[in-house]
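Work through the exercises below with the sequence and the model open side by side. Try each task before reading its solution.

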Amino acid sequence: MEPINDPARDLSEIRLMMERSSKILSLSGLAGIIIGIIALWGVTFAQWIHTRVSAEDIVGYLVADAIVVLALAISGAVFFSNRMAKKKGLPLWNNPARYLVTDLAIPLFAGGVFCVALLMHHTYEYLPAIMLTFYGLALVNASKFAVKEVRYLGLTQLTIGLLAALFYQEGLNFWALGFGVVHILYGLRIYVKYEK
């Protein structure tokens with residue numbers, strides 16, 4: 001007896017195979033939550049520094065704080081995404097991952113150079129706005145290789161970055177909102193939708 005063909009099921013399986021080969025499905029919601037918590041920790045430390053360190057020494061401390069936050073955030077993202085990939089039986093490093101990293105890296109590198117230029121010229125007011133804006137652009141640029149929520153995260157970061165440019169006196173608060181609170185909300189959304 002021949003098996004009965006189910007066109008809807010066949011199409012669903014084909015769609016799933018195509019999605020697995022073109023998108024990263026191992027992004028972890030826990031990574032987003034951890035990144036947000038690390039960012040809020042970094043902002044808290046930066047605020048503490050402002051009350052304890054002299055004006056001429058503060059930039060060095062803030063740069064060190066930013067480097068530690070970035071290193072911990074990247075480590076958390078890789079750790080939890082690797083864990084998610086293993087759990088789903090997916091490779092962490094494949095063609096979509098390479099494309100995603102490349103599309104993220106180009107705007108992030110440009111934004112990083114811009115931030116270094118501002119630091120060299122002792123212009124600090126717009127650093128949070130620039131970080132958020134270029135990060136948002138990077139996420140939007142790379143979102144075609146990830147779940148749709150990454151695009152929304154990028155557009156949100158971009159919007160917050162532009163608001164931070166308009167209200168630069170509140171830059172650190174916008175930075176906390178974008179990198180902290182928004183990442184936690186994004187992580188919760190990804191966790192509930194894809195991981196539970």
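Predicted model: local features only at pLDDT ≥ 70, side-chain atom pairs only at ≥ 80, totals over all residues.

**Exercise 1. The fold and its confidence**

Task: State how many helices and strands the protein chain has, and find where confidence is lowest and where it is highest.

Solution: 
- Step 1. The protein chain holds seven helices and zero strands. Along the sequence this gives the pattern α-α-α-α-α-α-α.
- Step 2. Mean pLDDT for the protein chain is 86, and 88% of its residues reach 70 or more.
- Step 3. Confidence is lowest in helix H1 (residues 7-22), with a mean of 55, and highest in helix H6 (residues 148-166), with 96. Over residues 17-22 the pLDDT is below 50, and this stretch has seven contacts in the model beyond near neighbours in sequence.
- Step 4. Of the 196 residues in the protein chain, 38% are buried. Among contacts with a separation of 6 or more, 75% join residues 24 or more positions apart.

**Exercise 2. The H2 and H3 pair**

Task: Work out how H2 and H3 run relative to each other, and sort the residues of their contact by type.

Solution: 
- Step 1. Two packed helices are described by the angle between their axes and the distance between the axes.
- Step 2. For helix H2 (residues 29-52) and helix H3 (residues 58-88) the angle is about 170°, and the axes lie 9 Å apart. Angles over 145 degrees count as roughly antiparallel, so H2 is roughly antiparallel to H3.
- Step 3. From H2 the contact includes Leu30, Ile34, Ile38, Trp41, Phe45 and Ile49; from H3 it includes Tyr61, Leu62, Val68, Leu72, Phe80 and Arg83.
- Step 4. Sorted by type, the residues of the contact of H2 with H3 are 19 nonpolar, three polar and two charged.

**Exercise 3. Ala46**

Task: Decide whether Ala46 is buried or exposed, and list what Ala46 contacts beyond its neighbours within four places in sequence.

Solution: 
- Step 1. Ala46 sits in helix H2. Its relative accessibility is 5%, so Ala46 counts as buried, the cut-off being under 20%.
- Step 2. With neighbours within four places in sequence set aside, Ala46 is in contact with Leu62, Asp65 and Leu172.
- Step 3. Leu172 is 126 residues from Ala46 in sequence, yet the C-alpha to C-alpha distance is 8.7 Å.

**Exercise 4. Helix H5**

Task: Compare the span of H5 with the expected value, and name what covers its buried residues.

Solution: 
- Step 1. Helix H5 (residues 127-142) has 16 residues and spans 22 Å from first C-alpha to last, close to the 22 Å expected at 1.5 Å a residue.
- Step 2. Its buried residues include Leu127, Ile130, Leu132, Tyr135, Leu139 and Ala142.
- Step 3. The cover over the buried residues of H5 includes helix H4 (95-120), H6 and helix H7 (171-195).

Conventions: Residues numbered from 1 in each chain as written. Heavy atoms only, no water. Axes fitted to C-alpha atoms, helices over the stretch in contact; angles between N-to-C directions. Helix = DSSP H or I, 4+ residues; strand = E, 2+ residues; numbered from the N terminus. Parallel < 35°, antiparallel > 145°, perpendicular 65-115°, else oblique. Contact = heavy atoms within 4.5 Å. Nonpolar A, V, L, I, M, F, W, Y, C, P; charged D, E, K, R; others polar. Buried < 20%, exposed > 50% of the residue type's maximum accessible area, 1.4 Å probe, protein only. pLDDT = per-residue confidence, 0-100. Expected span 1.5 Å × (residues − 1).
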